[in-house]
Amino acid sequence: ELPPAPDAAEAALVAEAAAEQARSQVAVAVIRVKELEAELNASEAVVAGTKQAHTEALAALKQEFEVQQKAPGDGSRLVEVDAELATVKAELAKLQDYQMPGLPAGWIWQHDPSVDKLFYVDTATGHVQWEL
């Protein structure tokens with residue numbers, strides 16, 4: 001024997017509950033997307049600030065290198081400045097890796113400081129991988 005069919009009022013309540021649940025899930029997803037956008041913007045600002053600081057340090061070191069080349073002395077500071085230049089250039093090269101246009105839609109990068117490497121996150125699924 002079949003159960004009695006729900007009346008129209010009960011069916012409307014069930015439909016409204018399902019719609020409310022869907023709206024709630026959408027609201028949560030919108031909040032998470034905004035959080036992820038804020039994290040990405042903050043990361044980009046940190047990278048841009050770091051790149052700017054390294055670029056300024058590089059310019060200052062180049063200028064000091066030129067001064068030290070012309071200055072009399074034993075050349076020990078020249079060697080130090082040259083080593084500092086190499087370090088800053090290497091850091092700038094690493095920062096270039098962070099500027100990765102063309103990530104697939106919905107993907108973001110994160111930095112793992114324990115291994116000093118980037119990993120990639122598919123924000124739609126939460127899937128994480130080291131390479132794209």
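The exercises below, each with a worked solution, concern a predicted model.

**Exercise 1.** Work out how far helix α1 reaches from its first C-alpha to its last, and find which residue caps its N-terminal end.

*Solution.* Begin with the extent of the helix: α1 covers residues 8–70, which makes 63 residues. Its span from the first C-alpha to the last is 93 Å, close to the 93 Å expected at 1.5 Å a residue. Finally, look for the buried positions of α1, which are Leu36, Val47, His54, Leu58, Leu61 and Phe65.

**Exercise 2.** Determine the order of the strands in the sheet, and say which of them stand at the edges.

*Solution.* The three strands form an open, antiparallel sheet in the order β1-β2-β3. Because β1 (107–112) and β3 each have a single partner strand, they stand at the edges, and one side of each is left without a neighbour in the sheet. The antiparallel pairing of β1 with β2 runs over six bridges, and Trp107 has Asp122 in β2 as its bridge partner.

**Exercise 3.** Classify the aromatic pair formed by Phe119 and Trp130, and decide whether each residue is buried or partly exposed.

*Solution.* The ring centres lie 5.9 Å apart with 70° between the planes, and since planes over 60 degrees apart count as edge-to-face, the pair is edge-to-face. Phe119 belongs to strand β2 (residues 117–122) and Trp130 to the segment after β3 (128–129), so the pair ties together parts eleven residues apart in sequence. Phe119, at 19% relative accessibility, counts as buried, whereas Trp130, at 43%, is partly exposed.

Conventions:
Residues numbered from 1 in each chain as written. Predicted model: local features only at pLDDT ≥ 70, side-chain atom pairs only at ≥ 80, totals over all residues. Heavy atoms only, no water. Phe/Tyr/Trp six-rings, centres within 6.5 Å; stacked < 30°, edge-to-face > 60°. Helix = DSSP H or I, 4+ residues; strand = E, 2+ residues; numbered from the N terminus. Buried < 20%, exposed > 50% of the residue type's maximum accessible area, 1.4 Å probe, protein only. Expected span 1.5 Å × (residues − 1). Polar contact = N/O pair within 3.5 Å; in protein donor to acceptor, adjacent residues only side chain to side chain. Pairing = 2+ DSSP bridges.
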